[in-house]
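Subject: Structure handover

Hello,

Here is the structure I said I would pass on. My notes on it follow below.

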Amino acid sequence: MTPQRVTLITLGVADLDHAKTFYAALGWTPTREMEGEVVFYQINGMALGFFGLGSLAADQGRPDAKLGTGAMTLAQNFETEAEVDAAHAKAIAAGATSLKAPEKVFWGGYSGYYADPDGHVWEVAHNPFWPLNPDGSLTLPAPDED
């Protein structure tokens with residue numbers, strides 16, 4: 001098994017029901033959940049979970065920690081600029097905060113950013129140099145293919 005992998009990303013949220021409502025408005029459906037504690041979504045070969053902030057801190061072995069959002073971005077790539085615009089608009093309509101409206105960017109693609117209700121940052125992008133697999137997943141091209 002390769003060590004270069006991620007199987008689960010868990011994000012702390014202030015209000016689990018609010019997070020579930022927001023992601024449901026984006027079309028996400030939970031795969032597993034422990035009522036009031038944690039919810040998991042199956043996503044292209046891995047899982048994304050949302051865990052109450054206090055419960056997550058306790059699970060990490062530091063129950064008094066004040067958890068916040070980190071300096072990271074989650075991203076969804078799309079096949080067209082129109083799909084990027086639609087995804088950004090859908091997130092804003094569902095209650096996200098727009099950080100940067102989608103626009104052409106210096107690296108030759110098209111992207112925008114929003115923050116979910118807990119401040120987790122998402123990028124929505126079209127990268128013409130990285131074609132998506134039929135299931136929407138991404139396999140990075142070999143360096144000589146860029």
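Which side chain meets that of K100 in a salt bridge? The partner is E103, at 4.0 Å from N to O. Please keep in mind throughout that this is a predicted model.

**Salt bridges**

The count of salt bridges comes to 3.

Another salt bridge joins the side chains of K20 and E33, with 2.6 Å from N to O. This pair links distant parts of the chain: K20 belongs to helix α1 and E33 to strand β2, and they are 13 residues apart. K20 counts as buried, because its relative accessibility is 18% and the limit for buried is under 20%. E33 is partly exposed, with a relative accessible area of 35%.

E81 and K104 also meet through their side chains in a salt bridge, at 2.7 Å from N to O. Here too the pair links distant parts of the chain, with E81 in helix α3 and K104 in strand β6, 23 residues apart. E81 counts as partly exposed at 28%, whereas K104 is exposed at 59%.

Q42 has A47 in β4 as its bridge partner.

**Sheet with β5 to β8**

An open sheet of 4 strands with mixed pairing has the order β5-β8-β7-β6. The strands at its edges are β5 (74-77) and β6 (97-104); each has a single partner strand, so one side of each is left without a neighbour in the sheet. Neighbouring strands of this sheet are turned by 15 degrees against each other on average, direction ignored. β7 and β8 run antiparallel and are joined by 6 bridges. The bridge partner of Y114 is W122, in β8. Helix α3 (residues 81-94) packs on this sheet and touches β6, β7 and β8, its direction making about 170 degrees with that of β6.

**Two residues to look at**

D118 sits in the loop between β7 (110-115) and β8 (121-126). D118 is buried but has no salt bridge: K66, the nearest side chain of opposite charge, is 11 Å away. Instead, the side chain of D118 reaches the backbone nitrogen of A14 at 2.7 Å. Leaving out residues up to four places away in sequence, D118 touches G12, V13, A14, D15, A19 and T69.

N127 is found in the segment after β8. Is N127 buried or exposed? N127 is buried, because its relative accessible area is 10%, and the limit for buried is under 20%. The side chain of N127 reaches the backbone nitrogen of F129 at 2.8 Å. With residues up to four places away in sequence not counted, N127 touches N77, F78 and W107.

Regards

Key: Residues are numbered from 1 along each chain as its sequence is written. This is a predicted model: local features need pLDDT of at least 70, side-chain atom pairs count only at pLDDT 80 or more; totals for chains, interfaces and linings use all residues. Side-chain values use heavy atoms; hydrogens and water are left out. Helices (H or I, at least four residues) and strands (E, at least two) are DSSP runs, numbered from the N terminus. Buried means under 20% relative accessible area, exposed over 50%, partly exposed in between (1.4 Å probe, protein chains only). Lys and Arg count as positive and Asp and Glu as negative; His and the chain ends are not counted. A polar contact is a pair of N or O atoms within 3.5 Å; within protein, one must be able to donate a hydrogen and the other to accept it, and residues adjacent in sequence count only if both atoms are side-chain atoms. Contact means heavy atoms within 4.5 Å. Two strands pair if DSSP finds at least two bridges between them. Axes are lines fitted to C-alpha atoms, for helices over the stretch in contact, and angles run from 0 to 180 degrees between N-to-C directions.
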